[in-house]
Amino acid sequence: MRVLRAAHLGMCFGVRDAIALALEHADAGPLTILGDLVHNPTVLSALEAKGIAVAQEVAHITTPTLMVTAHGTSERTLARTRALGLTVVEATCPLVRVAHRAVAALARQGCHVVIVGQRDHVEVRGLTGDLDRFDVVLEDDDVLALEEHPRFGVAAQTTQPVAKVRHIVDLIRRRFPQSEVRFLDTVCKPTKERQTAAIEMACQADVVIVVGGRSSNNTRELVKTCERYCTRVHHVQTDADVRQEWFDSANVVGLTAGTSTPDDVIDRVEARIRLCADASLE
Ligand code: SF4
């Protein structure tokens with residue numbers, strides 16, 4: 001049995017830099033992260049071990065310093081936290097900032113902003129937090145529920161599959177033929193690379209293993225993408241989730257991982273897959 005790693009997989013530079021910044025500031029004094037820095041339980045327990053607190057609401061923060069995650073936040077939230085006298089450390093990924101600038105530009109151009117993404121995701125809340133009127137769509141039905149506007153401005157959560165985003169933009173154009181629909185592609189490059197590499201890998205694999213947190217959006221999107229090209233796809237958080245019976249009569253096992261999955265977690269999953277393969281030969 002051969003293990004085929006996707007050409008691009010695992011942690012992106014945005015998440016890596018955010019974790020490094022959190023650890024650096026934790027050494028300097030008590031730190032609270034607003035929301036999950038990354039959606040990966042392994043990384044979150046490592047941060048907890050360093051004494052870093054996590055709060056979902058500004059009101060629950062008890063340290064003088066707070067960190068905004070790689071997913072970013074709105075200017076309104078930043079102003080609120082500063083008004084409380086908190087020092088704010090921003091770990092916002094530069095590619096999330098690009099998305100924020102795109103949304104601001106569309107709003108300035110008089111567009112009704114539509115974000116393709118998950119309504120309750122922290123990044124989407126940040127992208128829409130400075131707007132008074134906007135819509136968030138994820139599925140075809142959400143487009144049917146939109147009201148007409150003379151000018152739409154569409155941008156996406158950075159971790160959405162770009163093919164899906166283009167499909168939604170197309171639907172909006174067809175539903176509102178009289179409206180102008182501007183689209184700024186804000187899906188980030190690491191997400192695009194991981195999606196493309198996952199497809200190439202899944203086309204060649206008998207079984208695919210996707211490694212990442214259960215609540216990680218981009219990991220779940222990788223699972224869905226791989227399922228279109230391979231019938232035996234499994235989502236695992238760590239090597240402990242890997243089951244030997246998944247590999248019965250498999251020649252090629254594909255491996256990919258979400259953008260918040262650390263290298264050592266992927267390596268341990270790969271080692272466990274190889275162990276399972278050896279055991280099935282005995
Ligand atoms: S997934 Fe993309 S936007 Fe999000 S942190 Fe990584 S590089 Fe940045």
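In which strand is the place of T32?

A: T32 is in strand β2, which covers residues 31-34. (Helices, H or I with at least four residues, and strands, E with at least two, are DSSP runs numbered from the N terminus.) Keep in mind that this is a predicted model, where local features need pLDDT of at least 70, side-chain atom pairs count only at pLDDT 80 or more, and totals for chains, interfaces and linings use all residues. Residues are numbered from 1 along each chain as its sequence is written, and side-chain values use heavy atoms, with hydrogens and water left out.

So is T32 buried or exposed? It counts as buried because its relative accessibility is 3%; the cut-off for buried is under 20% relative accessible area, with a 1.4 Å probe and protein chains only.

Now for the neighbours: leaving out residues up to four places away in sequence, T32 touches A53, V54, A55, I61, T62, T63, T65, L66 and M67. Contact here means heavy atoms within 4.5 Å. As for V136, it is 104 residues from T32 in sequence and 29 Å from T32 in space, C-alpha to C-alpha.

Let's hop over to helix α4. Its buried residues are V96, A99, H100, A102, V103, A105 and L106. They pack against β6 (112-116), α5 (122-128), β8 (151-156) and β9 (180-183). After α4 comes G110, which has a positive phi, near 80 degrees.

Back at the ligand, the residues around it include V96 and L95. By class, that shell has seven nonpolar, four polar and no charged residues. (Ala, Val, Leu, Ile, Met, Phe, Trp, Tyr, Cys and Pro count as nonpolar, Asp, Glu, Lys and Arg as charged, and the others, Gly among them, as polar.)

Terms used:
A residue is near a molecule or strand if one of its heavy atoms lies within 4 Å of it. Buried means under 20% relative accessible area, exposed over 50%, partly exposed in between (1.4 Å probe, protein chains only).
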